[in-house]
Every structure is written in structure tokens, then in C-alpha cells.
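Trainee: I have a model open and would like to walk through it with you. Could we start with some charged pairs and then turn to helix packing?

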Amino acid sequence: MIDTLEVKKQQSSYRTTILLYHQIGETLHNSVNPDCFCRKEKFCQQMEYLKSSSIEVVSLDRAITALFSEGQPQRNQVVLTFDDGCGSFYDVAHPILEKCGFPATIYPVVGSLGQVANWGGKVYPHLKILDQKKLIALSNNGVEIGGHTVNHVKLDQVPKTDAVQEIKNCKVELEQILNKEVTTFAFPHGKYNSTIIEMVKRAGFKNALTCESNYANNASSVFEIPRRYITNYDDLRSFEKKLL
Ligand SMILES: [Zn+2]
């Protein structure tokens, strides 16, 4: 039997791109990886570019519904995601997004809320993670909050029991803080396999994002949705290239 959704998927010429950012800031400190940073001026330019283009900036939910339930979007779409819950999202990125009227999804590391990043055996003194109060304020302001584990572990490299706890507990803790359901998950370091996907499903998440560099249209499932990584090395030209 012909899968009508599959046919629609093949026919669509429109792209959905999920952008992956980390820290948006004024100053790139030595201890911060330029791959996980985007200077404020660059971010502003990128958002202005999106604002003046025919590309629609949509929420993750909207994009997923278009891709997986309706067949395909009717125009080019972009989703903005921010991993780790960097404190500068509140002060720097969010005001710019608000001005543009763009929705966003952030994936904070729950175990580091209100502290500097401390994972993988390393402390990042210039990478402050959002505190609970700011996280609640963002959530109440329409920013979607997703799970990204408790301790930012490489899920395919820790014992299975630890991986299950990391996935389940980040959802439970975020839901307690936010008093709303948390449905989306992003794999820390982009590390996952079929067993990890099953754990994410069993924990009750409805979708999961990877770090595979691809268009969301090419997702093999709703639990393996690729993203395009934006770094401090990107200029407007490379940004444009990553979109379409
Ligand atoms: Zn991360």
C-alpha cells in the first residue's frame, strides 16, 4: 500500500530547518568553546535576516505537526533551539527573540540550574546556567523548555540504569519546577542509539532532537530529528547556507 504521507514528503520542496545554538553572549571567554557560542551582534543579524526573509520562524510543535502529521510544511520554516540553558539566554537572546516575535525552545541541564556549567569532569567558570526563577519566567513567557538530562551525560556511555534515571529525572524535575508537561528532549553531545531512544519514549517524551547536521525534513523518526549547528564561526553567508 502506498504511504500517502511518504508521497507528500517526497513531493514537498519546502525545507524545515531546526537551528541549534548554545550560548549567545557579548564576550567569548577563553574557557568557552567557540562552537558553543554565538556573539550577540551575529545573532542579531541572523534574526534580522530571518525577519526580513520569506522563511517562517515557528515553534517546535508547529514544525513537528507539519512534518509528521500534515505531511510537509507549505513554506520554508525555521525552529530556534538553544541547548544547556545558558544564563545569557535570559539577558541577551530572549529580548531579541521577543522583539522579533520568534518562538524558541531551550534545553537546560537541570542539575546545573543556578550554577556554572560543570559536566564531563570540567567546570566552565564563564558559563552560568539559568536559575529556576528565570527558567519559570521564560516558560511563562512562552519559551518552551525541554529535557537535556540532569548532568549532561553522554547517554550511550553511562550504565543503562544511570541513563534511564538521567532521562526520567530531568523530566520530573523540570515539570515540578515549571508546573507543566515537558514533552521534548535533546540528546546531550548528540549521543544516542536505539536503546536510548526507547528510554526517552518510555519516560514520556513525545519527540527528541539530535545534533546530526541535516534538515528536519530528513528525520527518520520523531525521536531522531536533526538540527543545524550555529557557531561563532558562522557569518551571514554560512548561516544562509545552513538554512536552505
Ligand atoms: Zn548540551
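This is a predicted model: local features need pLDDT of at least 70, side-chain atom pairs count only at pLDDT 80 or more; totals for chains, interfaces and linings use all residues.

Trainee: Which helix holds both Glu 175 and Lys 171?

Mentor: Glu 175 and Lys 171 are 4 residues apart, about one turn of the helix. They form a salt bridge, with the closest N and O atoms 2.7 Å apart. The helix that holds both is α6, residues 160–178.

Trainee: Where in the chain does the salt-bridge partner of Lys 40 lie?

Mentor: Lys 40 forms a salt bridge with Glu 26, the closest N and O atoms being 3.8 Å apart. Lys 40 belongs to helix α2 (residues 40–52), and the pair links distant parts of the chain, 14 residues apart. Glu 26 lies in the loop between β2 (23–25) and β3 (37–39).

Trainee: How are α4 and α5 oriented to each other, roughly parallel or roughly antiparallel?

Mentor: The axes of α4 (residues 88–100) and α5 (residues 132–140) come within 10 Å and cross at roughly 25°. Angles under 35 degrees count as roughly parallel. The two helices are therefore roughly parallel.

Trainee: Which residues of α5 does α4 meet?

Mentor: From α4, the residues involved are Phe 89, Tyr 90, Asp 91 and His 94. By class, this contact has 4 nonpolar, 1 polar and 2 charged residues. On the α5 side, the residues are Lys 134, Ala 137 and Leu 138.

Notes
Residues are numbered from 1 along each chain as its sequence is written. Side-chain values use heavy atoms; hydrogens and water are left out. Axes are lines fitted to C-alpha atoms, for helices over the stretch in contact, and angles run from 0 to 180 degrees between N-to-C directions. Angles under 35 degrees count as roughly parallel, over 145 as roughly antiparallel, 65 to 115 as roughly perpendicular and the rest as oblique. Contact means heavy atoms within 4.5 Å. Ala, Val, Leu, Ile, Met, Phe, Trp, Tyr, Cys and Pro count as nonpolar, Asp, Glu, Lys and Arg as charged, and the others, Gly among them, as polar. A salt bridge is a side-chain nitrogen of Lys or Arg within 4 Å of a carboxyl oxygen of Asp or Glu.
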